[in-house]
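Subject: Structure handover and findings

Hello,

Here is the structure for your files. My notes follow below it.

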Amino acid sequence: MNREDLDKIDSSVNDTPKKNNMTVEKFFQQFNTLDMNNYGSWPLSVKITCWLFLFFVVCAIGYFLAIKPKLDAIDQARAVEQNLLNEFKEKDSKLRNLQQYQAQLQQMEMNFTQQLEQLPKETEIPSLVEDINVTGVSSGLKFKNIKLEPEVKQEFFIEQPISIDATGDYHSFGSFVSSIAVLPRIVTLHDFTVTGTPSSDKKSDVPVIDYTIKAKTYRYIGTDANQTSAQTNQAAATTTTPPQGGKPQ
């Protein structure tokens, strides 16, 4: 191998990186020298780059216009599904306990009916006053006065106060209170006033005890309304209708 061959090899080795640098520079320079009206004359590398760019642009547009709304709709549907599932579980739990709730409701209705039966009707107030009088006399009290006071209307019931003035010893009064508690009708005692005066009988040192009590009984408003409606219907049913063309008797 002569001297000239060695010089050619050295020059080719030195020219190799320069060829690579020129290739990269030419690649970017090709974008400035493109002929927009002659696509077929574009270099292959430029065509591939443009195709990749267009592909990513189309994918991005497709994602934001078509895919992302579907994903958002799926997330909303999952949230609705979870809410419906929770609602279903709640209703299923209530349905499983429905029979128990119905039994409790029936028991409450029975208790309410029993309580209503203990409330006197309007026509039973005089007999209730008589029961209180008999109970006091049986207990050893002497009544000075038993008087019905004006009714007090509440939201769901009517309160009937009864003023009581009586005389007797402590044991008689205690027996009277206990007997009132076991009456078939609901009666409550309020505003006790106890006054002791010396006995006029010199043979006894036990003072005379005077009691002032306000008893209260209650009447359910619905019961009165039902009674009034029943009386109205009964009166309407007993009214005779004259025959057509005739005269009422």
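The largest nonpolar core has 17 residues. A nonpolar core here is a set of buried Ala, Val, Leu, Ile, Met, Phe, Trp, Tyr and Cys residues joined through side-chain atoms within 4.5 Å. Ile132, Ile180, Val187 and Ile213 have the most contacts inside this core. At least two of its residues come from each of α4, β3, α5, β4 and β5. β5 gives the most, with 4 residues. In general, nonpolar side chains in soluble globular proteins tend to be buried together.

Before the details, the ground rules. This is a predicted model, in which local features need pLDDT of at least 70 and side-chain atom pairs count only at pLDDT 80 or more, while totals for chains, interfaces and linings use all residues. Residues are numbered from 1 along each chain as its sequence is written, and side-chain values use heavy atoms, with hydrogens and water left out.

Overall make-up

The protein has 6 helices and 5 strands. Both are DSSP runs numbered from the N terminus: helices are H or I with at least four residues, strands are E with at least two. The order from the N terminus is α-α-α-α-β-β-β-α-β-β-α. Buried residues make up 16% of the 249 residues. Buried means under 20% relative accessible area, exposed over 50%, and partly exposed in between (1.4 Å probe, protein chains only). The protein exposes about 19400 Å², and carbon and sulfur atoms supply 58% of that area. Areas come from the Shrake-Rupley method with a 1.4 Å probe; for residues, only the protein chains shown count as cover. Take the contacts between residues at least 6 apart in sequence: 58% of them join residues at least 24 apart. Contact means heavy atoms within 4.5 Å.

Helix α4

α4 covers residues 125-139, which is 15 residues. From first C-alpha to last, α4 reaches 21 Å, close to the 21 Å expected at 1.5 Å a residue. That expected span is 1.5 Å times one less than the number of residues. Its buried residues are Ile125, Leu128, Val129, Ile132, Thr135, Gly136 and Ser139. They sit on the same side of α4, because they cover an arc of only 120° around the axis. The arc is taken from the directions from the helix axis to the C-beta atoms.

What do the buried residues of α4 pack against? The partners are β1 (142-148), β3 (157-167), α5 (170-181), β4 (187-197) and β5 (208-220). The face turned away from the buried side carries the exposed residues Pro126, Val137 and Ser138. Gly140 follows α4, with a positive phi near 105°.

Leaving aside neighbours within four places in sequence, Ile180 is in contact with Ile132, Thr135, Val187 and Leu189.

Aromatic pairs

The structure holds 6 aromatic pairs. Rings of Phe, Tyr and Trp (its six-membered ring) pair if their centres lie within 6.5 Å; planes under 30 degrees apart count as stacked, over 60 as edge-to-face and the rest as tilted. Phe55 and Phe56 are edge-to-face, with ring centres 5.7 Å apart and planes at 70°. Phe56 is exposed, at 57% relative accessible area. Phe143 and Phe176 are also edge-to-face, with ring centres 6.0 Å apart and planes at 70°. This pair links distant parts of the chain: Phe143 is in strand β1 and Phe176 in helix α5, 33 residues apart. Phe176 is buried, with a relative accessible area of 0%. Phe173, Phe192 and Tyr211 form one aromatic cluster.

Strand residues to look at

Lys214 is in strand β5. It is partly exposed, at 24% relative accessible area. The C-alpha atoms of Lys214 and Ser163 are separated by 4.7 Å, though the two are 51 residues apart along the chain. Leaving aside neighbours within four places in sequence, Lys214 is in contact with Glu149, Pro161, Ile162, Thr188, Leu189, His190 and Asp191.

Asp191 is in strand β4. Its phi is near 55°, a positive value in a residue other than glycine. Asp191 is exposed, at 54% relative accessible area.

Lys142 lies in strand β1 and counts as exposed at 63% relative accessibility.

Best wishes
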